[in-house]
Amino acid sequence: MALLSGGRRATGGGGGSLLPSTSNPKPLRKPSSAAARRRSQLRDFLSPTSTFFALGLFASLLFFLAVVIHYGVSKPLSSSHSKPRLVRLPAFRRPADTAGGKEGVIAAAAVDITTKDLYDRIEFLDVDGGAWTQGWKVTYIGNEWDKEKLKVFVVPHSHNDPGWKLTVEEYYNRQSRHILDTIVESLSKDTRRKFIWEEMSYLERWWRDASELKRETFTKLVKNGQLEIVGGGWVMNDEANSHYFAIIEQMMEGNIWLNDTIGVVPKNSWSIDPFGYSATMAYLLRRMGFHNMLIQRTHYELKKELALYKNLEYIWRQSWDIERTTDIFVHMMPFYSYDIPHTCGPEPAICCQFDFARMHGFRYGFCPWRFNPIETNPSNVQKRATTLLDQYRKKSTLYRTNTLLVPLGDDFRYVSMDEAEVQFRNYQMLFDFINSSPDLNAEVKFGTLEDYFSTLREEAERTNLFHPGEIGSGELKGFPSLSGDFFTYADRNQDYWSGYYVSRPFFKAVDRVLEQTLRASEMMVALVLGYCQKSQCAKLPVSFSHKLTAARRNLALFQHHDGVTGTAKDHVVEDYGTRMHTSLQNLQIFMSRAVEVLLSDFHDKSDPTLLSQFEPEQTRSKYDVQPTHKVLDVHEEHAHSVVLFNPLEQTRDEVVMVIVTKPDIFVRDSNGSCVESQISPEWQHDGKGKIFSTGHHRLYWRASVPAMGLETYFIARGHTDCEEAIPAELKLFLESDSSSCPPPYVCSNPGGEKAEIHNLRYTLTFDVKHGLLQMISHRDGRKTVVGEEIGMYKSSGSGAYLFKPDGEAQPIVEKGGSLIISEGPLVQESYSLPKVMWERTPISHSTRIYRGENTVQELLIEKEYHVELLGSDFNDRELIARFKTNIDNERVFYSDLNGFQMIRRQTYDKIPLQGNYYPMPSLAFLQDSLGHRFSVHSKQSLGTASLKNGWLEIMLDRRLVHGDGLGLGQGVMDNRPNNVLFHILTEHNISALPSAHAVLNLQPSLLSHCMGAHLNHPMHAFVSKKPQENSLKMHYKSFTPLASPLPCDLHIVNFKVPQPLKFPQVQPSDSRFVIVLQRRAWDASYCTRGGLQCSTIGNEPVNLFYMFKDLVVSNVKTTSLNLMHDDMKMLGYTWQLGDGAQEGNVLFSPMEIQAYKLELQPESGA
């Protein structure tokens, strides 16, 4: 949204053999059909043990040696005219060349430009360029268009935020509905007029209200090319905080609705307002069938550097893509904003004169440069047209082709016919003059993105645009290739937009909860429909389909670049929060009923929509409060059942917890066997230094839950042969003696300067006086200094978007706080209430380690910060947690992009502190050249930095009184109490990487991937509403839908029925189910220390036909991530995934995400 227009702010991990596996890979269930037998015969024929195979292999080797001897080894592709090899790849990508020759590091893609190189080269001096403040005085000779005339496409658009200063519904009623009405009427008057539209959230809302005639006219305009739907997502999503799951969902939701309703699929992406851009988005768009994308908000110094060498249009390639299958063409807009003053050319004072809606009588205000637009007429058209064309020519010199894109719009423009007419009328007169003057060598007309990109591609194909030595791309010749991302965004001076990485962290956390709950619900919908089919129980997901759609759309809506970013007005945030809360409640009700269906007879005739046996173990009473646990009051000789749903694709073995009222309690599993358990007191504090017990107890036990399945446990009291839960032993280090020891626990007051907790892997040492974690001692004798610190920035210039601190953060913890150590057989915990200079502390925190041999949980350290940045004491303050480790990382660290991939970050002295902050959607790690790695997984998106050697700091919350001058008109004062959860992992590289700080592509270890999955996809617990008698007649047991757990490097992104409402009517041949899989790339040089009890896809192939128990899989088809395309070549893949899909084999390379359509039917007799 433009500042000056009344708007806003002007891998490869192939080496599976290194992983430990406790047993041989489990065989997949064998097929029984004739087709399966034919596949088996073919496999035998081609197996390494067959004579045919051996002879063929021997002949191939002889031929290969003869070719090498005759021709020599081929050189790397370096010619500017070289094209990628379009060959069929093997099932798995060949082992990548690795940095330093070490295994486990994905080789960097060969590209012409990396954003790291740009940052290294640019001096960031912010030199005043004159009329184009952030550039230079642009000139041209005049003969540049003699051979190829200038072709200008002026693209009318209106940027409609689904929530910012107003809610989405308020914007719709006041502006967006009228804009869409205007588009239909105005374009219908003249076929030369064009327009583009992006947000499906508004289009769907308008479609419901529109007359049949308006709908037909709209469809006609789309089909005849006057109106192009660009992007077609539910929203124009943020790219810093959004998780890739949610991005795929919001694109899928919009694209499916558009195709079902109007019958079109978007080809080009238009993303003008997100505050920085992620390489993940480029990847996802390419795998959705997009070939072209447009972006705007990148650092002004990067724009200048790219423009100097005519590199503003480039091929974006993933940094790990050595096969060049992810290439997508990008147009970067060159100037400050996307409003009209900053899009026609480099001189905004002139361009503003051609924003005819700024003339008297409209609401947009005059030009701030004091030269206002005037009506075009026969007497001034020559002067006005040549003035405008001069700007077009100057702008075109920044690009390689003579095809030029000029957007014509701003926030919520074209709201009336008068406004539309004044723009279209004046511009058409200017166009007519230019086009009728051959000596001007220019053709100017209204156009769409498709008009622009197709004309540009046609010109590029017939002209030589290569610069000497460029690698380029086979996707489109004549343009440089680039890898990297565009964070952190700065639009001027020292204004770095890193504040929004953390603004409204409470709702960033709710976003992830809704995401994981939606994913689990989608799985349950698919499982119920798969097993029930036409049985009565299928009624449950079908009847729920409207609320499921609402949940998808509410999650999608919050991905908007003023939603998850935390950059909307308070009442808009409340609207987003209320929508998400409503969907969370609906999803939990559905899941509670689905649990009962999946644990019962699928042929039961009762109405599944009336089931009420279970309720969620955690619920929220309001949209803006933390979830609370259901307190189980277990009576003598009775039991409460707890059902756990595991949404991951591997068996889950971990310690779980519920809250109970009484300590004399025990746990049984679904077979009636006793389960070891522990109780610990539940603590609270009054904010003023006093800790006290609530009188309730945390009951812990180790649960094992099948992949994507259910398991039931029973919490009971009374006479039993089971041992009651073991009370934790408590060590109290309290500032005062006012806290008493809660029964039935044994307490001690050991005193001293240090305290410890430990399990079989670690010993954690705490500084008692400050309650902070100091050291991790490993069982092999290594020590990792942690140096935990809690600090605050004072920030008088910060706002919702900007982080502008007044100097460095200062520690806030003083000596004398309270610390409680809890030691039990399953969980050991420290709970700290620090002393601060204020009367009320803004933070308390816990550190936990778990005991569970051969579990992921045993290898992690859990940090939970309870943040309450409330009250005027904390105005204009920003709270951080900092880990001051002994890892020599040289201020280089790695953070994730959208939970999908890692990217190298470096702290530069030549840019300010706030410019060295980066988004941390889920993970950041430090590493030294010896291979020591310190990783922090986060359950929500935040901001992170490594400002000094060995430091990793993460911002937890921010409270800001004033706006930052970017249009919101308010600060961020609506803080809510929030729990921030981290999982910390320390690892040692068994094959140390020399010069690790120069490596662009370090990946998480497989253990780290699994740890992140456990954190971001927690188990869902459901408890019985009524207790039952404590007997061994256990009715509910377990549900195991997968034939065997999947390999650790294969992740089910989603498993869903896209349109459950239509499920009963759609024929099974149409493949009603969808499964989206990701193959993780992992750093194989990191040993798991025996902590993972699973294999990898490299030594345990997966076949979709035999993935599920008691379900027949058929009609498997590969598809795009938005489910719109089945042609794999158009998605960039160079290997034939379709062949593998027909056989059911999961064949794709590390880092890739692949979607499959399929059909599920119960096995006969099941």
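So, five helices each put at least two residues into the lining of the second largest pocket: α4 (168-188), α5 (200-209), α7 (244-261), α16 (545-558) and α17 (570-598). The names are DSSP runs numbered from the N terminus, with helices being H or I of at least four residues and strands being E of at least two. Before I go on, this is a predicted model, so local features need pLDDT of at least 70 and side-chain atom pairs count only at pLDDT 80 or more, while totals for chains, interfaces and linings use all residues. Residues are numbered from 1 along each chain as its sequence is written, and side-chain values use heavy atoms, with hydrogens and water left out.

Back to that pocket. Which helix gives the largest share of its lining? That's α16, with eight residues. The pocket holds about 880 Å³ of space. It has 33 lining residues, and the ones closest to its centre are Glu 204, Trp 234, Glu 253, Thr 549 and Arg 553. The lining splits into 12 nonpolar, 10 polar and 11 charged residues. For those classes, Ala, Val, Leu, Ile, Met, Phe, Trp, Tyr, Cys and Pro are nonpolar, Asp, Glu, Lys and Arg are charged, and the others, Gly among them, are polar.

What do I mean by pocket and cavity? On a 1 Å grid over the protein atoms alone, a cavity is a set of points where a 1.4 Å probe fits but cannot get out; a pocket is an open set with protein on both sides within 12 Å along at least five of seven lines; and lining residues have an atom within 4 Å of a point. Grid points are joined across faces, edges and corners, and the volume is the space filled by probe spheres set on the points.

The largest cavity comes out at about 350 Å³. It has 23 lining residues, and Gly 899, Phe 900, Ser 922, His 1009 and Arg 1080 are the closest to its centre. Both β40 (901-906) and α18 (1006-1016) supply at least two lining residues, and α18 has the largest share, with five. By class, that's eight nonpolar, 13 polar and two charged.

To count as a pair, two strands need at least two DSSP bridges between them. Inside that sheet, β37 (861-867) and β46 (978-988) run antiparallel, joined by seven bridges, and His 866 stands opposite Asn 979 in β46. Angles run from 0 to 180 degrees between N-to-C directions, and axes are lines fitted to C-alpha atoms, for helices over the stretch in contact; contact means heavy atoms within 4.5 Å.

There's another open sheet, with six strands in the order β33-β32-β38-β45-β44-β41 and antiparallel pairing. β33 (810-811) and β41 (918-920) are at its edges with a single partner strand each, so one side of each has no neighbour in the sheet. Three bridges join β41 to β44 (942-945), and Pro 919 stands opposite Gly 943 there.

Last, two covered elements. Buried means under 20% relative accessible area, exposed over 50%, and partly exposed in between (1.4 Å probe, protein chains only). In strand β9 (403-411), nine of nine residues are buried; β9 pairs in the parallel sense with β2 (150-159) over nine bridges, and Gly 409 is the bridge partner of His 157. Helix α9 (300-308) has eight of its nine residues buried, so it is largely enclosed by the rest of the structure. Its cover includes β1 (113-114), α3, β8 (328-332) and β12 (490-492). Just after α9, Lys 310 takes a positive phi of about 55°.
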